[in-house]
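Visitor: I would like to learn how to read a few features of a structure. Please take them one at a time.

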2 protein chains.
Amino acid sequence: MAERIYRVNMTTLKTSCEDVPEKWKGLGGRGLTSAVVAQEVKPTCHPLGKNNKLIFAPGLLTGTACANSGRLSAGAKSPLTGTIKESNAGGSAAQSLARLGIRALILEGLPEKDTFYSLLVDKDGVTIREDDSLTGKGNYDVVESTIEKLGKKIAILTIGPVGEMCMAAANISVRDPDGNIRSLGRGGLGAVMGSKKIKYIAIDDTGGEGVKVLDSGKFKAAAKVFSKALVEHPVSGQGLRQYGTNVLVNVINECGGLPTRNFRYGRFEDAEKISGETMRDVIISRSGKPSHGCHAGCVIKCSQVYNDKDKNYLTSGFEYETIWGLGANCCVSDLDILAEADRIMDDIGIDSIEVADGIAVAMEAGVIPFGDGPGLLRLIREIGAGTPLGRIMGAGTAVVGKVYGRTRVPVVKDQGLSAYDPRSIKGIGVTYATSTMGADHTAGYTIATNALKVGGFVDPLKKDGQIELSRNLQISTAFIDTMGLCVFVAFPVLDNPAAFKAIVDMINAKGGGEIAEEDALEFGKQILRTEHEFNLAAGFTNKDDRLPEFFEDEPVQPHDAVWDFTGDEIDTFWNF
Amino acid sequence: MAERIYRVNMTTLKTSCEDVPEKWKGLGGRGLTSAVVAQEVKPTCHPLGKNNKLIFAPGLLTGTACANSGRLSAGAKSPLTGTIKESNAGGSAAQSLARLGIRALILEGLPEKDTFYSLLVDKDGVTIREDDSLTGKGNYDVVESTIEKLGKKIAILTIGPVGEMCMAAANISVRDPDGNIRSLGRGGLGAVMGSKKIKYIAIDDTGGEGVKVLDSGKFKAAAKVFSKALVEHPVSGQGLRQYGTNVLVNVINECGGLPTRNFRYGRFEDAEKISGETMRDVIISRSGKPSHGCHAGCVIKCSQVYNDKDKNYLTSGFEYETIWGLGANCCVSDLDILAEADRIMDDIGIDSIEVADGIAVAMEAGVIPFGDGPGLLRLIREIGAGTPLGRIMGAGTAVVGKVYGRTRVPVVKDQGLSAYDPRSIKGIGVTYATSTMGADHTAGYTIATNALKVGGFVDPLKKDGQIELSRNLQISTAFIDTMGLCVFVAFPVLDNPAAFKAIVDMINAKGGGEIAEEDALEFGKQILRTEHEFNLAAGFTNKDDRLPEFFEDEPVQPHDAVWDFTGDEIDTFWNF
């Protein structure tokens with residue numbers, strides 16, 4: 001049976017199935033979600049209205065034996081930014097969809113009735129069910145009761161109360177292989193799912209046809225090269241595995257690029273207390289898992305399971321950006337509070353970066369003081385409860401700034417910046433400014449080359465070479481996101497030509513094509529152009545490719561660095 | 001002594017004085033505020049940051065014997081819309097500034113100290129004083145205690161707590177000749193004043209040089225023609241004088257264009273209860289004033305003084321848009337509640353249209369039910385108190401919509417629409433879409449010709465002629481706003497060529513120039529172009545000149561009308 005696309009029309013409550021059209025045959029993941037949004041969604045539509053669509057797509061290599069290929073992309077017009085959006089995560093949904101031969105699941109329309117629905121995706125297609133049984137419940141509850149009902153092998157995509165309430169920072173959660181939660185975090189895609197009144201999607205791949213690989217010998221050989229490259233690289237094979245993403249607290253603090261106290265400073269005096277090294281010791285002392293993969297087939301294992309003082313499970317997927325955002329940027333240095341916050345955010349279903357940036361802005365506005373850990377937990381609980389204050393925080397950093405009349409509001413295209421100060425690590429500033437998705441470090445992770453000396457070294461404090469660096473990384477990331485690969489494969493790819501060649505070999509072995517390495521980059525460029533054109537048609541201009549004014553006006557310590565790119569310089573990003 | 005411009009630098013706390021430069025000599029009011037913003041304010045700056053400026057300018061005819069010429073313009077980059085902004089009102093400040101020979105007062109920079117200041121403007125210049133004596137007080141208190149201190153003749157510009165808190169819908173209040181309050185309502189200019197930490201500006205024109213008129217004979221003759229035209233026109237001379245602006249409730253309800261229940265319907269079943277006719281009876285029965293001018297020299301007198309049941313003063317300047325917005329659009333039909341709401345909004349200092357639109361959206365989101373008068377008062381009081389819910393409502397309709405995840409959010413460029421449904425009165429829809437200030441009916445008041453048959457008749461339900469109508473009115477309004485004239489002079493101007501000629505004659509008589517009537521229109525065009533260019537430089541595009549999607553998708557009763565202009569059609573507005 002050929003691979004196919006399912007459509008779920010929530011207006012008519014009917015589903016349909018179609019073959020993958022020729023033009024989309026070579027696309028998966030972000031390449032496919034962005035192509036569908038660009039072709040089928042009216043750029044000026046209201047993101048929560050009937051004309052938006054939410055698309056889920058596993059990567060082109062998802063479901064194969066390729067290491068770290070189990071990422072699921074979701075795409076739509078973003079309620080947070082108004083731009084095109086793709087967000088991806090691990091978990092088991094991507095692989096289940098791939099095994100069922102499903103290249104994309106497209107959710108369309110809005111139901112008339114004021115009730116929630118659930119979808120069941122299995123070998124026979126998609127079933128829509130009116131289902132208010134889990135309305136108002138947190139994601140952990142949804143996962144638990146769905147497993148109880150449908151069995152332990154089920155993959156689940158779900159929104160928490162924040163998504164139900166259509167808050168612009170709502171995320172979509174995906175069950176990981178252990179039954180815990182990963183997040184398709186950024187851009188408020190959970191609100192799009194909530195607007196379509198879909199509480200959760202259960203995916204049962206029993207009887208699925210699996211993923212076809214035309215030349216399995218060639219594929220296996222390339223997969224082996226690729227896996228080896230991942231394991232042998234010092235960042236993906238050691239640093240990330242040992243300390244998780246949180247290895248970065250000390251690294252970025254040392255750079256002077258760890259945004260602290262709502263981006264006032266570049267170093268946090270209590271960095272040690274929240275560092276990856278400290279966290280590892282805590283996890284081990286409490287019988288947690290310091291190293292853990294977010295999806296089957298991951299060889300990096302940068303995730304972890306964090307237990308509370310009584311050695312009971314508290315949270316997992318407790319990432320650097322969350323720890324930075326609620327830690328350094330809100331001046332809270334108690335890891336247990338941060339872990340509890342992470343747990344609540346996963347449960348209510350909200351992007352932790354957006355929340356962290358928003359809370360720091362609210363702290364600056366005096367809503368609660370900097371360093372107030374219990375206050376921070378209270379604010380996050382209010383988001384889940386949908387109180388007025390919770391609604392403000394759930395609407396994203398830009399809204400918090402507007403509501404409290406602040407000028408130090410770290411957003412681009414209304415999406416909050418993450419854990420790297422663009423003044424002292426200028427490459428990431430170019431990515432924040434130019435990404436088609438609003439400020440998004442993953443779109444072109446220059447930290448690799450600016451701070452970790454992967455793929456060479458570009459001095460983070462100088463302007464030279466940053467635009468080229470960000471451009472090259474954004475192009476290759478668009479390609480990586482299309483394959484369903486984890487963004488961290490970029491580390492070996494940047495340093496080891498064999499790794500990139502192996503990816504291209506796997507694509508060719510899988511589909512029988514003959515694409516060259518240059519084609520792959522052309523492919524990445526085309527995705528960026530498609531996304532950029534959507535944004536222009538939605539009314540964005542080069543004026544939106546700018547960092548907030550305060551980065552130009554306020555030097556940040558310890559390097560006394562300011563953001564000094566001119567608009568014209570930034571605009572050269574699109575010269576490709 | 002020559003006319004001059006004063007600058008107040010709030011960063012250095014110094015003031016300076018300069019002659020009016022040649023290029024600005026022929027400008028006043030909106031023409032001057034927009035010219036200063038366009039020339040001196042960075043289009044992409046943060047509206048609450050140090051790079052924004054707030055400019056006050058009386059009109060070119062203000063302070064003369066010309067009827068209805070006492071409007072004061074304020075201009076800045078708007079915290080609500082991000083566009084250029086001009087807002088004008090009556091009161092006594094414009095005439096006091098004009099009598100002092102002050103063509104513009106430009107407020108720049110931001111103070112470092114966390115305290116409020118007051119400004120005293122008199123014949124010797126501008127004095128800045130650290131002054132926290134009235135911080136947190138409402139506008140009525142500010143007016144009362146300033147009069148107590150400085151005497152009854154003082155003119156006052158003030159912000160309430162909403163402006164102090166920099167909420168994006170904060171307005172600037174101006175004392176009227178009776179000591180009551182008028183508002184420079186739209187676009188959040190009160191937040192700009194609040195960001196500069198100026199609580200109030202007292203203007204003492206004692207010893208002022210007065211306004212020079214070169215040919216006073218010619219001026220008087222033209223002023224007489226103009227005044228006669230105003231008094232003799234059925235709208236400005238009778239309808240508005242008898243029933244105030246609220247004469248429109250019945251007229252617009254009859255048109256099917258009275259937005260009701262958050263723009264769901266075009267007629268309100270309780271229209272009669274809140275109509276101008278009913279209101280007049282109530283006012284007379286309580287010994288209020290059914291007819292009252294907002295500034296000295298007004299011959300229309302569309303304002304009124306509304307007393308409570310005990311015949312004590314409750315509010316004044318209780319306009320149609322407020323009564324529509326909190327009445328029909330929120331389904332509250334108790335005039336006393338609406339008057340109390342008006343009083344509170346004047347006191348805390350917030351734009352009543354923005355609040356009304358926001359509350360209707362909040363009602364749709366279930367925050368309080370439609371028709372809940374006491375709830376509505378509570379919400380408005382929360383704005384003044386700065387609670388989280390109050391902050392949401394004070395940030396404007398677009399933020400309310402975003403925070404509550406709604407799609408029926410009646411805004412253009414994030415400014416709330418007013419009391420005319422654009423589906424059933426299409427000309428005003430063109431104005432909402434294309435105005436350089438966000439949705440603003442006063443920018444090109446097509447209701448004159450669409451509903452009141454002034455200046456001919458353009459069928460409100462058909463597309464034909466609406467773009468030309470809106471364009472012509474926006475051009476002439478820009479001119480009128482520059483003269484310091486009340487927008488209602490447009491009624492006689494549209495029907496009576498002598499009225500327009502009289503304005504041009506007055507300008508020539510005053511300054512000794514020889515401008516022709518065509519020059520005046522060219523002048524209006526130039527102002528619009530200047531404002532439009534600022535917006536383009538700020539990142540706005542033609543995609544922002546659009547009404548919200550729901551107006552295209554939802555027909556409104558009783559005419560089953562939808563908004564059916566294409567984007568290309570709207571874009572022809574700028575072909576001049």
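Visitor: How many aromatic pairs are there over all chains?

Guide: Rings of Phe, Tyr and Trp (its six-membered ring) pair if their centres lie within 6.5 Å; planes under 30 degrees apart count as stacked, over 60 as edge-to-face and the rest as tilted. By this rule there are 30 aromatic pairs over all chains. In one of them, the planes of A:Trp563 and A:Phe565 stand at 45° with ring centres 4.9 Å apart, so the pair is tilted. The pair B:Phe573 and B:Trp574 is edge-to-face, with 80° between the planes and 5.1 Å centre to centre. This is a predicted model, in which local features need pLDDT of at least 70 and side-chain atom pairs count only at pLDDT 80 or more, while totals for chains, interfaces and linings use all residues. Residues are numbered from 1 along each chain as its sequence is written, chains are lettered from A and ligands numbered from 1 in the order in which they are written, and side-chain values use heavy atoms, with hydrogens and water left out.

Visitor: Are the residues of those two pairs buried or exposed?

Guide: Buried means under 20% relative accessible area, exposed over 50%, and partly exposed in between (1.4 Å probe, protein chains only). A:Trp563 is buried at 4%, and A:Phe565 is buried at 8%. B:Phe573 has 0% and is buried; B:Trp574 has 16% and also counts as buried.

Visitor: Which residues do ring pairs link into a cluster?

Guide: The cluster consists of A:Tyr320, A:Tyr420, A:Tyr445, A:Phe488 and A:Phe491.

Visitor: Where does the charged end of A:Lys453 sit?

Guide: A charge sits over a ring if NZ of Lys or CZ of Arg is within 6 Å of the ring centre and within 35 degrees of the ring normal. The charged end of A:Lys453 is over the ring of A:Phe457, 4.7 Å from its centre. In chain B, the charged end of B:Arg408 is over the ring of B:Phe550, at 5.9 Å from the centre.

Visitor: How many residues does the contact take from chain B and from chain A?

Guide: Contact means heavy atoms within 4.5 Å. Chain B gives 35 residues and chain A gives 35 residues. Buried area is the accessible area (1.4 Å probe) that two parts lose on being put together, summed over both. For chain B and chain A this is about 2600 Å², with 57% of it on carbon and sulfur atoms.

Visitor: How many salt bridges does the rule find across the interface of chain B and chain A?

Guide: A salt bridge is a side-chain nitrogen of Lys or Arg within 4 Å of a carboxyl oxygen of Asp or Glu. The rule finds 5 across this interface. A:Lys42 forms a salt bridge with B:Glu549, with the closest N and O atoms 3.2 Å apart.

Visitor: Where is A:Asn68 found, and what is its phi?

Guide: Strands (E, at least two residues) and helices (H or I, at least four) are DSSP runs, numbered from the N terminus. A:Asn68 is in the loop between strand E3 (54–58) and strand E4 (72–77) of chain A. Its phi is near 55°, a positive value in a residue other than glycine. A:Asn68 is buried, with a relative accessible area of 1%.

Visitor: Which residues does a cis peptide bond join in chain A?

Guide: The bond between A:Gln557 and A:Pro558 is cis, with omega about 5°. A:Pro558 lies in the loop between helix H23 (550–553) and helix H24 (567–571) of chain A.
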